[in-house]
Amino acid sequence: MNVILEAIFKRRAVKVFEPVEISEGIREQILNAARHAPSSFNSQPYRLYWVGSTAQKAVVAKLCMGQMPAETASALIVVVVDIGSLAATSQSQLEWMRGRTEFSEARIRNYERTAKIGRILFMPGPFGIFGAVKRGIFWLLNLWKVMGMPPTSRQDLFKWATKSTSLACENLMIAAEALGINTCPMEGFDGRRLLKYLGLSARYHEIVLVIAMGKKWQNYVEPPQWRRPLHATVSIL
Ligand SMILES: Cc1cc2nc3c(=O)[nH]c(=O)nc-3n(C[C@H](O)[C@H](O)[C@H](O)COP(=O)(O)O)c2cc1C
């Protein structure tokens, strides 16, 4: 079977790990695979915290309600949506474009303009006032033109960023599997305390998942994997 498909089909949420060292080389490959995931406007609106030291892992595992995958993992990756990173990311892409010969001045200017419009369009503004105005304007525009709706509130922005962040999570887990490392995605954590522990602000950050990582404990037996049948999941139009 194709190696990528093999990793996809073999991956399971492993609940008990045995202690192993994850080398720096493997760690880098896994994290690189995560950040190569596609993201809306290439905004990569997330930050991954690799928690590998014994002391910090113990704290984070406790904040994951002491779940077994967290307690036994070799590393825990806290995946955080970061809606405060957008301006810096587009600035950094702009600098990257300026340093390359493939992009004409016109193309760079066009990117700069689009990034500026995007930033304004995605801003909810103080007390969400700009968001409400935007919602009204787009609602009216939608009456005569097919155009969708940009995120209009901070909540919308978190939801928008979570889509891209989730793709990075899946890339990370499949890459780990391909490299012989098992994972367990977890949403069972105390988000408020975990944000505080990482020194992050709920205004810009939201924890999407904590991913436990390690080698499956040799005595751990996975339950059979169940999925809804294809026809219950897919509509072919
Ligand atoms: C968003 C999300 C949250 C999850 N949260 C937890 C969790 O907190 N604890 C846990 O043990 N497993 C968690 N899981 C793992 C699921 O239970 C598991 O993926 C599912 O039962 C299917 O099993 P499989 O991944 O082995 O096919 C989570 C999975 C996802 C995608």
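**Notebook: a ring cluster, a helix pair and salt bridges**

I looked up Phe41 and found that this residue is exposed, with a relative accessible area of 65%. My classes were buried for under 20% relative accessible area, exposed for over 50% and partly exposed in between, with a 1.4 Å probe and protein chains only. I note that this is a predicted model, in which local features need pLDDT of at least 70 and side-chain atom pairs count only at pLDDT 80 or more, while totals for chains, interfaces and linings use all residues. Residues are numbered from 1 along each chain as its sequence is written, and side-chain values use heavy atoms, with hydrogens and water left out.

**Aromatic rings**

I found three aromatic pairs in the structure. Rings of Phe, Tyr and Trp (its six-membered ring) pair if their centres lie within 6.5 Å; planes under 30 degrees apart count as stacked, over 60 as edge-to-face and the rest as tilted. Phe41 and Phe122 form an edge-to-face pair, at 5.8 Å centre to centre and 80° between the planes. Phe41 lies in the loop between α2 (24-35) and β2 (46-51) and Phe122 in helix α6, so the pair ties together parts that are 81 residues apart in sequence. Helices (H or I, at least four residues) and strands (E, at least two) are DSSP runs, numbered from the N terminus. Phe122 is buried, at 12% relative accessible area. Ring pairs link Phe41, Phe122 and Trp160 into a cluster.

**Helices α5 and α6**

I then examined α5 (residues 86-98) and α6 (residues 105-122), which pack at an angle of about 180° with their axes 10 Å apart. Axes are lines fitted to C-alpha atoms, for helices over the stretch in contact, and angles run from 0 to 180 degrees between N-to-C directions. The two helices are therefore roughly antiparallel to each other, a term for angles over 145 degrees. In α5, the residues that meet α6 include Leu94, Met97 and Arg98, and their counterparts in α6 include Ile108, Tyr111 and Glu112 (contact means heavy atoms within 4.5 Å).

**Salt bridges**

I searched the whole structure and found five salt bridges, each a side-chain nitrogen of Lys or Arg within 4 Å of a carboxyl oxygen of Asp or Glu. Glu112 forms one with Arg98, the closest N and O atoms being 3.4 Å apart. This pair links distant parts of the chain, 14 residues apart, with Glu112 in α6 and Arg98 in α5. Glu112 is partly exposed at 30%, and Arg98 is partly exposed at 45% relative accessibility. I also recorded Arg100 with Glu102 at 3.0 Å, N to O, and Arg193 with Asp190 at 2.6 Å, N to O.

Technical notes:
Parallel < 35°, antiparallel > 145°, perpendicular 65-115°, else oblique.
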